Amino acid sequence: MYLSLWPGKPYPLGATWDGKGTNFALFSENATGVELCLFDKQNRETRVTLTEVSNFTWHCYVPAIVPGQRYGFRVHGPFNPQEGHRFNPNKLLIDPYAKALDGEIGFGEEIFGYRWDDPEQDLGFSELDDAHLVPKAVVVDESFDWEGDKLLQTPWHETVIYEAHVKGFTKLHTEIPYKLRGTYAGLAHPASISHLQSLGVTAVELMPVHHYLAYPRHLVDTGLRNYWGYDSICYLAPYTGYSANAGHGQQVKEFKQMVKALHKAGIEVILDVVYNHTGEGDNLGPTLSLRGIDNSSYYRLVDGNARFYMDFTGCGNSLNVRHPQVLKLIMDSLRYWVLEMHVDGFRFDLASALARELYAVDRLAAFFDIIHQDPVLADVKLIAEPWDVGEGGYQVGEFPLLWSEWNGRYRDTVRDFWRGEDSRLAEFAYRFTGSSDLYQLNGRNPSASINFITAHDGFTLNDLVSYNHKHNEANQENSRDGENHNRSWNCGVEGETDDPVVRKLRKQQRRNFLATLLLSQGVPMLVMGDEMGRTQGGNNNAYCQDNQVSWLDWDLPEENEALLDFTRQLIDFRRKHPVFRRRKWFQGRAIHGSGVHDIGWFNPDGQQMTEEQWNEGFTKAIGIFLNGEEIATPGPRGERIMDDCFLWCFNAHHEMLEFSIPQGLQSWEWLTIIDTTKPRFVQRGKRYIDDTPISVAGRSLVVLKRLGRTLVEDEE
């Protein structure tokens with residue numbers, strides 16, 4: 001096969017089609033040679049030696065190469081793992097800037113850069129060719145008719161996030177054509193969008209969609225696979241396995257069509273991204289891309305022993321974010337997903353690992369500085385998972401401006417409160433009101449707190465109230481995997497039960513958690529299926545369960561239909577009442593001179609909480625007054641915001657308690673809106689006035705609305 005080869009350009013990296021031909025560019029600082037490998041329809045390989053090198057970028061331009069062309073690289077250089085170099089031209093390497101790949105990564109000894117039979121393990125050089133097991137990158141035509149689509153930029157304080165898995169969300173949805181189930185097109189289907197709209201969420205946060213290693217070595221013989229996708233291999237390519245028609249790079253257009261459809265429905269798309277490590281793993285992992293392109297540049301290696309990798313992630317390696325090219329790869333990837341794919345934001349997995357310039361987590365690390373000043377990324381939603389597994393990696397509350405955080409302290413506090421664990425009421429109060437102790441001092445607002453009770457990692461909401469212990473036997477790891485301390489309570493019986501008392505209590509607890517979550521200050525995140533009672537049978541680490549354990553079951557029993565209705569009512573209630581989604585912090589004082597504070601804290605007897613009571617660990621009941629007439633921040637047009645006033649009665653005690661209306665509030669009439677002993681919002685709520693006691697059942701909450709003049713639509 002004769003190819004005309006032109007010098008081309010070192011930028012942009014990857015494969016770029018200009019309508020007449022394609023430019024190829026690959027960065028490798030320590031390579032001694034690079035070959036571009038082109039594959040025809042019969043998988044016959046043509047190798048082209050690149051001779052042009054500019055600033056460590058190897059490049060060429062090939063006329064007549066069009067979209068759909070499959071390619072890869074072979075990179076020459078020293079194989080000296082003890083010095084940090086693992087070059088091996090027998091391995092076909094995936095372009096880290098590829099926009100699409102043509103299949104899964106196969107498993108075999110061939111994909112490893114060392115010989116399995118070598119007594120020194122990864123120090124022996126492998127001469128096995130792996131091109132038949134490695135997916136080829138695809139030259140992509142990036143043109144697409146967006147029809148005027150733009151980022152939605154939903155204000156943070158109006159945001160409700162729904163964490164979902166692209167495949168698991170629709171795989172069992174019978175209203176979606178079979179071929180589309182479990183795909184980007186399935187998520188864009190009207191049946192999917194109808195559910196999200198009826199629920200009232202404003203954003204979907206998709207678990208990883210970057211192309212990833214589906215069959216890591218430890219799962220190959222188990223019949224299981226990497227379902228979650230937290231082992232990225234290519235940061236610009238949407239995962240092929242989620243496409244209904246992935247040939248010739250069509251998954252790129254399918255992804256764009258999904259985003260466009262969700263945007264038309266008013267729903268933002270946030271991607272869960274994994275820039276802290278890759279699927280190449282530790283020194284015994286495969287050579288698929290970055291390891292073979294330039295191992296010592298792309299990965300953090302152990303000082304003085306470069307054979308091994310620094311591992312702040314628990315996944316075998318950590319990207320070397322100190323290297324300018326690694327930072328460039330991450331930033332180019334982020335900008336690509338915003339500018340070309342129109343995503344609205346990102347959730348950064350184990351984000352603390354990205355902040356490590358030396359060893360400690362540095363709040364002013366280069367990664368954050370670059371994002372802060374980037375004109376594209378500074379205006380999208382940025383969410384950190386603010387921890388990693390390294391020393392000092394738990395950084396909740398420590399991220400800089402522009403960032404919101406998964407608030408792990410919110411999760412832990414609310415779980416402890418409702419399971420009856422002794423804990424300080426002050427801690428619960430901070431979490432319910434947006435966690436000002438974590439975010440206010442560094443200039444952030446309540447929206448810095450992404451509140452969640454459950455996430456993909458851990459128990460579902462149903463399992464949180466049904467299991468005391470994890471049940472991960474199906475993962476075939478002897479239950480060594482998964483969190484041991486779940487802060488869960490099974491309500492008296494482990495797992496499924498026919499006991500009507502236990503079942504009733506579990507339903508009530510689910511409503512307690514949902515009401516607390518969706519009406520706390522901050523940004524609530526709901527996990528796929530929690531609104532419908534999804535269970536994983538007690539598995540709290542279903543990362544490898546690509547089956548009914550993880551897929552969302554849309555066939556709802558009657559009790560879960562009620563839960564879905566209750567969740568919809570809560571989200572709608574939040575949307576209608578700005579007092580539950582304030583832009584700024586409570587001030588704890590009267591703002592407009594009414595003499596009534598914007599928030600008040602009371603004992604069940606109606607008396608204000610004392611300093612001593614705030615710090616008692618055994619108090620399990622509290623009353624909270626939210627004053628909708630004392631919202632200090634104006635609306636989008638500068639108008640004063642007025643809302644109803646609400647009185648909350650929280651009772652985490654196992655017995656019924658009577659609450660008294662605080663004396664300063666007794667002149668108003670109060671109407672019960674929510675009582676979590678009921679399956680849905682109260683239709684004909686009981687009215688209270690003066691000192692009439694409010695009976696609050698054990699382990700339940702009641703929300704009352706003050707009757708009177710309001711500018712907000714009534715919920716009755």
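Which residues does Trp648 touch, not counting residues up to four places away in sequence? Trp648 touches Phe432, Ala515, Leu519, Phe580, Ile622, Gly623, Ile624, Leu626, Leu701, Val702 and Val703. Contact here means heavy atoms within 4.5 Å.

The views below show a predicted model, in which local features need pLDDT of at least 70, side-chain atom pairs count only at pLDDT 80 or more, and totals for chains, interfaces and linings use all residues. Residues are numbered from 1 along each chain as its sequence is written, and side-chain values use heavy atoms, with hydrogens and water left out.

**View 1. The nonpolar cores.** The largest nonpolar core has 170 residues. Tyr162, Phe346, Phe348 and Trp648 have the most contacts inside this core. Helix α6 (residues 324–339) gives the most to the core, nine residues. A second, separate core has 18 residues, among them Leu438, Ala448, Phe452 and Trp585. A nonpolar core is a set of buried Ala, Val, Leu, Ile, Met, Phe, Trp, Tyr and Cys residues joined through side-chain atoms within 4.5 Å. Buried means under 20% relative accessible area, exposed over 50%, and partly exposed in between (1.4 Å probe, protein chains only). Helices (H or I, at least four residues) and strands (E, at least two) are DSSP runs, numbered from the N terminus.

**View 2. The largest pocket.** The volume of the largest pocket is about 1600 Å³. The pocket is lined by 48 residues, of which Trp228, Thr313, Cys315, Asp457 and Asn541 are the closest to its centre. Helix α8 (residues 408–418) provides the largest share of the lining, three residues. By class, the lining has 17 nonpolar, 15 polar and 16 charged residues. Ala, Val, Leu, Ile, Met, Phe, Trp, Tyr, Cys and Pro count as nonpolar, Asp, Glu, Lys and Arg as charged, and the others, Gly among them, as polar. On a 1 Å grid over the protein atoms alone, a pocket is an open set of points with protein on both sides within 12 Å along at least five of seven lines; a cavity is a set where a 1.4 Å probe fits but cannot get out; lining residues have an atom within 4 Å of a point. Grid points are joined across faces, edges and corners, and a volume is the space filled by probe spheres set on the points.

**View 3. The second largest pocket.** This pocket has a volume of about 540 Å³. Of its 26 lining residues, Asn462, Glu496, Gly533, Thr535 and Asn560 are the closest to the centre. Helices α12 (500–519) and α13 (558–576) each supply at least two lining residues. The largest share, four residues, comes from α12. The lining divides into seven nonpolar, 10 polar and nine charged residues.

**View 4. Helix α8.** This helix is largely enclosed by the rest of the structure, because 10 of its 11 residues are buried. The buried residues include Arg411, Asp412, Arg415 and Asp416. Tyr410, Phe417 and Trp418 are also among the buried residues. At the start of α8, a side-chain oxygen of Asn407 reaches to within 3.1 Å of the backbone nitrogen of Arg409. Gly420 follows the helix, with a positive phi near 85°.

**View 5. Helix α5.** Helix α5 (residues 290–298) is mostly covered, with eight of its nine residues buried. Among them are Arg291, Asp294 and Tyr298. The cover includes β2 (21–27), β7 (70–76), β9 (85–86), β16 (301–302), β17 (305–309) and α6.

**View 6. Asn475 and its surroundings.** Asn475 sits in the loop between α11 (461–464) and α12. At 1% relative accessibility, Asn475 counts as buried. Its side chain reaches the backbone oxygen of Asn541 at 2.9 Å, a polar contact (a pair of N or O atoms within 3.5 Å; within protein, one must be able to donate a hydrogen and the other to accept it, and residues adjacent in sequence count only if both atoms are side-chain atoms). Leaving aside neighbours within four places in sequence, Asn475 is in contact with Leu224, Asp481, Asn539, Asn541, Tyr543, Cys544 and Gln545.

**View 7. The largest cavity.** About 100 Å³ of space lies in this cavity. Its lining includes Glu163, His165, Trp228, His456 and Arg534. By class, the lining has six nonpolar, four polar and two charged residues.
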